[in-house]
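The sequence and the structure are shown first.

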Amino acid sequence: MEKDLGKPSSAPPNAAVCSTLTFIYAHACFVADGDYLYVLDKKADGHSAVALWEDYTANDQLWRQGICRNAEGQGHWVRCNKNFYESHTLAFSEGKAEGWRVLDFYGSFRWVPAA
């Protein structure tokens, strides 16, 4: 599993595809142009907000998976710069973690083309 500590960022651009459901701990978005994952920490609870992602081939085989972690605190966005194959599909969801250990996640993944 790939682990990326997100860099502080502004909110994602309007072109971002974001999770469709509201999760009380975090919000995650993806921008295909540049392969960026964005994570917003929505709750001051001492835990990190995370985006959990899975990268699938054109044959629906899991290729890689990982976590983009926001350790900046409530109200802050971070961005993780990834590199996905254009023919792949990305599934992502948001959650909360203690360090790199995921404590809870929304469970519903958003599926988008990687490019």
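The numbered points below go from the overall fold to individual residues.

1. The model under review is predicted. The protein chain contains eleven strands and zero helices. Its pattern along the sequence is accordingly β-β-β-β-β-β-β-β-β-β-β.

2. Overall dimensions. A compact globule of 115 residues would have a radius of gyration near 13 Å, and the value for the protein chain, 13 Å, agrees with this. Along the principal axes, the C-alpha atoms fill a box of roughly 40 × 25 × 25 Å. Of the 115 residues, 43% count as buried. Among contacts between residues at least 6 apart in sequence, 61% join residues at least 24 apart.

3. Strand S5 and its neighbours. On one side, S5 (residues 36–41) pairs with strand S8 (residues 77–81) in the antiparallel sense over five bridges. Within this pairing, Leu37 has Cys80 of S8 as its bridge partner, and Tyr38 has Arg79. S5 also pairs with S4 in the antiparallel sense, over six bridges; here Cys29 stands opposite Tyr38.

4. How many of the six residues of S5 are buried? Six of the six are buried, so S5 is largely enclosed by the rest of the structure. In a regular strand, side chains alternate between the two faces of the sheet. In S5, Tyr36, Tyr38 and Leu40 point one way, whereas Leu37, Val39 and Asp41 point the other way.

5. The hairpin between S4 and S5. These two strands form a hairpin with four residues between them, and Gly34 in the turn has a positive phi of about 110°. Asp35 lies in the loop between S4 and S5. Although Asp35 is not a glycine, it has a positive phi of about 55°. Asp35 is buried, because its relative accessible area of 5% is under the 20% limit.

6. Asp60 is found in the loop between S6 and strand S7 (62–70). Is Asp60 buried or exposed? With a relative accessible area of 60%, Asp60 is exposed, whereas Asp35 is buried.

7. The nonpolar cores. The largest nonpolar core has 18 residues, of which Phe30, Leu37, Leu90 and Phe92 touch the most other members. Strand S4 (26–31), S5, S6, S8 and strand S9 (89–98) each supply at least two residues of this core. Apart from this core lies another, of seven residues, among them Ala16, Val31, Leu40 and Trp77.

8. Phe30 and its contacts. Leaving aside residues up to four places away in sequence, Phe30 touches several residues, including Asp35, Leu37, Phe84, Leu90 and Phe92. Ring pairs also link Phe30 with Trp53 and Phe84 in a cluster.

9. Trp53. This residue is found in strand S6 (residues 48–56). At 1% relative accessibility, Trp53 counts as buried. Beyond four places away in sequence, the residues that Trp53 touches include Leu37, Cys68, Phe84, Leu90 and Phe92. Trp53 and Leu90 are 37 residues apart along the chain, yet their C-alpha atoms are separated by 6.9 Å.

10. Aromatic pairs. The structure holds six aromatic pairs. In one of these, the ring centres of Phe105 and Phe109 are 6.0 Å apart and the planes lie at 55°, so the pair is tilted. Phe105 is partly exposed, with a relative accessible area of 37%, and Phe109 also counts as partly exposed, at 26% relative accessibility.

11. Charges over rings. The charged end of Arg79 sits over the ring of Tyr36, 3.9 Å from the ring centre. Likewise, the charged end of Arg69 sits over the ring of Trp100, 5.0 Å from the centre of that ring.

Notes: Residues are numbered from 1 along each chain as its sequence is written. This is a predicted model: local features need pLDDT of at least 70, side-chain atom pairs count only at pLDDT 80 or more; totals for chains, interfaces and linings use all residues. Side-chain values use heavy atoms; hydrogens and water are left out. Rings of Phe, Tyr and Trp (its six-membered ring) pair if their centres lie within 6.5 Å; planes under 30 degrees apart count as stacked, over 60 as edge-to-face and the rest as tilted. Buried means under 20% relative accessible area, exposed over 50%, partly exposed in between (1.4 Å probe, protein chains only). A charge sits over a ring if NZ of Lys or CZ of Arg is within 6 Å of the ring centre and within 35 degrees of the ring normal. Contact means heavy atoms within 4.5 Å. Two strands pair if DSSP finds at least two bridges between them. A nonpolar core is a set of buried Ala, Val, Leu, Ile, Met, Phe, Trp, Tyr and Cys residues joined through side-chain atoms within 4.5 Å. The radius of gyration is taken over C-alpha atoms; the globule rule is 2.2 Å times the number of residues to the power 0.38.
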